[in-house]
Amino acid sequence: MGSCLSEKRQQSGASALLESLNMERVRTILAHPYPYPHEHSRHAVIAVVVGCFFFISSDNMHTLIHKLDTSVKWWSMYVGWILVAAVYHLPSFQSMGVDMRMNLSLFMTIYVSSILFLLVFHLIFLGLWYIGLVSRVAGKRPEFLTIFQNCAVLSIACCVFYNHCGNRAIMGDKTFKRRNSSWFKLWDKEERNTWIAQFIRMNELKDQVCSSWFAPVGSASDYPLLSKWVIYGEIACNGPCPGSSDGISPIYSLWATFIGLYIANYVVERSTGWALTHPLPEKEYEKLKKKQMKPDFLDMVPWYSGTSADLFKTVFDLLVSVTVFVGRFDMRMMQAAMSRVQDGSKQDDLLYDHFGERDDLWFDFMADTGDGGNSSYSVARLLAQPSLRVQSDSSVLNLPRANLLIIGGDLAYPNPSAFTYKRRFFRPFEYALQPPTWYKDEHIAVNKPELPSGISTLKEYDGPQCFVIPGNHDWFDGLQTFMRYICHKSWLGGWFMPQKKSYFAMQLPQRWWIFGLDLALHGDIDVYQFKFFSELIMNKVGDNDSVIIVTHEPSWLLDWYWNDVTGKNVSHLIREFLKGRCKLRVAGDLHHYMRHSCIPSDKTTYVQHLLVNGCGGAFLHPTHVFSNFNKLYGTSYECKAAYPSCEDSSRIALGNILKFRKKNWQFDFIGGIIYFVLAFSMFPQCKLDHLFKDDTFTGHLKSFFSTVWDTFIYMLGHSYVSLVGALLLLAAAIAFVPSKVSRKRRAIIGFLHVSSHLAAAIVLMMLLEVGVETCIRHKLLATSVESEHFPDPTGLRARIEQWTFGLYPACIKYLMSAFDVPEVMAVTRNDMCTNGADTFPRVGAFIYYASVFLYFWFFSTPVVSLIFGSYLYICINWLHLHFDEAFSSLRIANYKAFTRFHIKETGDLEVFTLAVDKVPKDWKLDPDWDGELRQPQQPNHLREFPSKWTAASIQQDPVSTVRIVDHFVIKQTDKLDLKPTNNQTS
């Protein structure tokens, strides 16, 4: 019986406590009813002291901002603005004693005043320099960004001081007497226990700090010349204070101290020519400067950026190329017309045989470079090394630098232009192996090959050479940039380029040939190329010779994936003219490494090995999507190597869920706007009373989703803007699905994709409306219809109003109104619901939707990225769709590789594929490169350390981490045999 009574008493007490703690009571209890500053303030006064040190040198603040900008984007200020404006209305935030509007008002006042004061000072100082009263060093113009940054720190310091100490000018009936030795007695043994006790009693310590360390400097009568320009403080005394304050405000004195510190430092630096720092000797300064040098690499291309002008230009160039050039004008036709010799088998601008008389030859293949600077330079650095030491099973191999480099297209992303070719393609190779000192970048090669002095023929030149075929990205401008920078330039860094046309044939030692084909945007060679190569095969290529065909696109994989047939001219050339002499097909375009080798059978084998290596620097492509390829020209193939492995490729795809927004934060611009269009017509939701009537969580949840469904039905019948936006998005989603699937499946996939986005947009809209309605019901928002008069804690407004003839207070009023976005949104929402959306003024409606957009965009961007990333993950791993879109979103710079070939004296072709799993992000000047002695006329390819930059960590340098991921040998043909034997490949 007693236990039952006690339980009832506990229940009644708990219910009474819950009833008493309603939102109104919580707001009343936690809001501070007494004058500012709040007694619970715990702001560290040391922030003011730290702020002073930023003014020791003007470079400190710039360095801090630069470091922050590398990891925090400037748009984060927008996020901070709307979050602070929302958090301000929470009672728990007000309980900390921070009046955000008061602080912002004070900050703006001091900030603008400081900027104006310093600008006037700089104008006066420049005038003194102009008439010759100060040193000529003062003639250097100050950076406005530095002035703004210093003024911001100064203003924040004053606000922190005001939060902690207030604006008291005179301390009446001081509790703690001022002592001359107060700075040192804190550390006396006798006073240590007292100081610790005072530290525990924070309020008393705060008063002592404010009264002793940051006390006012005096009264205005002590400075008669400044009596009209100072700001007075408040009188703090017990009981009524007679008269007005004559004491200078401590905030004003703190501001004047900071301004004086800045002016003194600036005058000393500019008038005397030396800074307030210890100067370094010249040699040490140069050494430190070299240590701080960094390469100016560009980041990976943001393919999902909604603000990139390069991507819009790429789309435009592609449309123009497809519309104008394909089937109408072909640069390859012009190249054929410009050839000086009609007989294709004798054209010296297409056929190169200067390597043919050598006993053996090393040559490299890479493709799809010119994306991220780190990845492109990592591969270029490996290509430039005099030799590479790699582990092969139980032995260590020393692979010398190749005499020849073949690049398989897509030289720069996202579109071919002078900027992308120079910065994304040429720059990494020039850092890896510098061009000759006498070579000028603006030089145009008219009569190629332009050999170095003292060399008369290509056979005599022993340096590395480079030949390039164009890719689809190089054709976006009709091959104009490729012709200008490849066919009319002689050097790619330290690689000599004798190439004259976009396709070529090359005779190699031991009866090996390379055919470099230009597929353009057609995916096939044109008639003139076919004529040249077919006649070359009939007249030059022997029956027992071996041919390597290099193309940009791996048609065997892409045709299998898209269930299509392309490259009919190439297939005809291989099957009807080479007739089994094509030992190897090499291509790029897909940014991974895969090798398929033929399975021995009784059927005719036209190509023995199919090799794809597009790991030259661009983003990674998946391998698991193409793992089921197994047949070409009626011959069966099996996958011998894949890099990364199919298991790793499938695992990497999970990053679309976890990292899509981190990698593609610029996608927020488009995603947030799309969601706002979908939910635009459904704002505001004025009838939400039924959501607050249920007492259980399940009831609330049921009512909420019921309202969501009713809103969706309302959108279909009345919300025309949202309905049109949803239909347009549906059409775009269906078109976005790859065409390899049937129309029915494309419609289903697109419908499910759009449905998830539409449902998320409506749910977010309802959550935002419920949140605003909850705050209004508990009087946290919409407490006043008119703009509130924001506080003026230090009396600055009256004085500045006098100085600016009344203009400044009006600006502060509008700026402060713009700061409190939640209040504006709630007030206009109430007016719209009361008066009706149809009769509401357009200006008011614009203000409401603008304030709603600021918060709805912020909340919707993570959701749209999560849903879109999940869509890509499901498609790539479950349906094997979007292999390009799902991995370009990840912008993976790792897993880079190239293939090194060696034609032995026996005629066999040994193939090594070298890869780097992790690409360095930080580089430094290579001390070996910098310290190596160089002869004036010595070619750079003879240097022991040819590359300028090395990884900041030696363990991550590509030269140290490179490894072999595939190794095989192709036997030379002794006699014509279309049926390969088992010992042809090892």
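Q: Why is Lys779 called exposed in this predicted model?
A: The relative accessible area of Lys779 is 52%. Exposed means over 50%, so Lys779 is classed as exposed. The residue is placed in the loop between α27 (743-777) and α28 (796-803).

Q: Why is Tyr895 described as buried?
A: Tyr895 has a relative accessible area of 17%. The limit for buried is under 20%, and Tyr895 is therefore buried. Its phi is also positive, near 60°, in a residue other than glycine. Tyr895 belongs to the loop between α32 (883-888) and β19 (896-903).

Q: How do you know that both faces of β19 are covered?
A: On one side Lys896, Phe898, Arg900 and His902 are buried, and on the other Ala897, Thr899, Phe901 and Ile903 are buried. Eight of the eight residues of β19 are buried, and the strand is accordingly described as mostly covered.

Q: What makes β4 and β19 a pair of strands?
A: Strand β4 (residues 361-366) is joined to β19 by five bridges. Pairing requires at least two bridges, so β4 and β19 count as paired. The two strands run antiparallel. Within this pairing, Phe363 has Phe901 of β19 as its bridge partner.

Q: How do you know that β19 also pairs with β20?
A: Eight bridges join β19 to strand β20 (residues 909-916), again in the antiparallel sense. With at least two bridges as the requirement, β19 and β20 therefore qualify as paired. Arg900 has Phe912 in β20 as its bridge partner. The hairpin of β19 and β20 has five residues between the strands, and Gly907 in this hairpin takes a positive phi near 95°.

Q: Why are β3 and β17 called edge strands of the open sheet?
A: Nine strands form this sheet in the order β3-β11-β12-β13-β14-β16-β15-β18-β17, with mixed pairing. β3 (351-352) and β17 (631-632) each have a single partner strand, so one side of each is left without a neighbour in the sheet.

Q: What makes β17 a partner of β18?
A: β17 and strand β18 (residues 635-643) are linked over two bridges in the antiparallel sense. The criterion is at least two bridges, so β17 and β18 meet it. In this pair Lys631 stands opposite Ser636 of β18.

Q: How do you know that the bond between Tyr643 and Pro644 is cis?
A: The omega of this peptide bond is about -5°, and the bond is cis. Pro644 is placed in the loop between β18 and α22 (646-652). The peptide bond from Phe683 to Pro684 is also cis, with omega near -10°. Pro684 lies in the loop between α24 (668-679) and α25 (697-717). Most peptide bonds are trans.

Q: Why is Lys662 called exposed?
A: Lys662 has a relative accessible area of 69%. The threshold is over 50%, and Lys662 is therefore exposed. Lys662 is found in helix α23 (residues 655-663). Together with Lys659, Lys918 and Lys921, Lys662 forms a patch of positive charge on the surface.

Q: What makes up the nonpolar surface patch of about 620 Å²?
A: Val120, Ile124, Leu128, Trp129, Tyr130 and Ile131 make this patch. Ile124 lies in helix α7 (residues 100-130).

Key. Residues are numbered from 1 along each chain as its sequence is written. This is a predicted model: local features need pLDDT of at least 70, side-chain atom pairs count only at pLDDT 80 or more; totals for chains, interfaces and linings use all residues. Side-chain values use heavy atoms; hydrogens and water are left out. Patches are made of residues with over 30% relative accessible area and no salt bridge: like charges are joined within 9 Å, nonpolar side chains (Val, Leu, Ile, Met, Phe, Trp, Tyr) within 5 Å. Accessible areas come from the Shrake-Rupley method with a 1.4 Å probe; for residues, only the protein chains shown count as cover. A salt bridge is a side-chain nitrogen of Lys or Arg within 4 Å of a carboxyl oxygen of Asp or Glu. Lys and Arg count as positive and Asp and Glu as negative; His and the chain ends are not counted. The place of a charge is taken as NZ of Lys, CZ of Arg, CG of Asp or CD of Glu. Helices (H or I, at least four residues) and strands (E, at least two) are DSSP runs, numbered from the N terminus. Buried means under 20% relative accessible area, exposed over 50%, partly exposed in between (1.4 Å probe, protein chains only).
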